[in-house]
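Please go through the strand pairing, the helix packing and the charged side-chain contacts of the structure below.

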Amino acid sequence: MSKFQVVVGNVGTVYDGNSYMVAQCKYDRYVKASRAGEGRVAGEPVTLMHNGEVRMEHAGREVRA
């Protein structure tokens with residue numbers, strides 16, 4: 001069975017499960033928040049992992065206060 005994880009910079013793992021659809025939705029939501037500069041996620045990297053391998057990655061960016 002496939003294992004998916006979504007990891008966000010300083011937040012940590014926000015999804016750990018077997019559903020690609022859920023993982024993709026979480027990944028998309030956190031990438032959008034990172035790009036928009038929202039809260040703790042602002043500018044943070046977001047990574048979607050599949051069985052321990054990087055499947056998608058948003059590098060994030062430096063956010064200036």
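Q: Which residue in β4 does Met49 stand opposite?
A: In this predicted model, local features need pLDDT of at least 70 and side-chain atom pairs count only at pLDDT 80 or more, while totals for chains, interfaces and linings use all residues. Residues are numbered from 1 along each chain as its sequence is written, and side-chain values use heavy atoms, without hydrogens and water. Strands here are DSSP runs (E, at least two residues; helices are H or I, at least four), numbered from the N terminus, and two of them pair if DSSP finds at least two bridges between them. Strand β3 (residues 46-50) pairs with β4 in the antiparallel sense over five bridges, and the residue opposite Met49 is Val54.

Q: In what order do the four strands form the open sheet?
A: The edge strands, each pairing on one side only, are β2 and β4 (53-58). The pairing is antiparallel, and the order is β2-β1-β3-β4.

Q: At about what angle does helix α1 run to β3?
A: Axes are lines fitted to C-alpha atoms, for helices over the stretch in contact (heavy atoms within 4.5 Å), and angles run from 0 to 180 degrees between N-to-C directions. Helix α1 (residues 20-36) lies across β1, β2, β3 and β4, and its angle to β3 is about 165 degrees.

Q: Which side chain meets Asp16 in a salt bridge?
A: A salt bridge requires a side-chain nitrogen of Lys or Arg within 4 Å of a carboxyl oxygen of Asp or Glu, and the count comes to one. The N to O distance is 3.0 Å, and the partner of Asp16 is Lys3.
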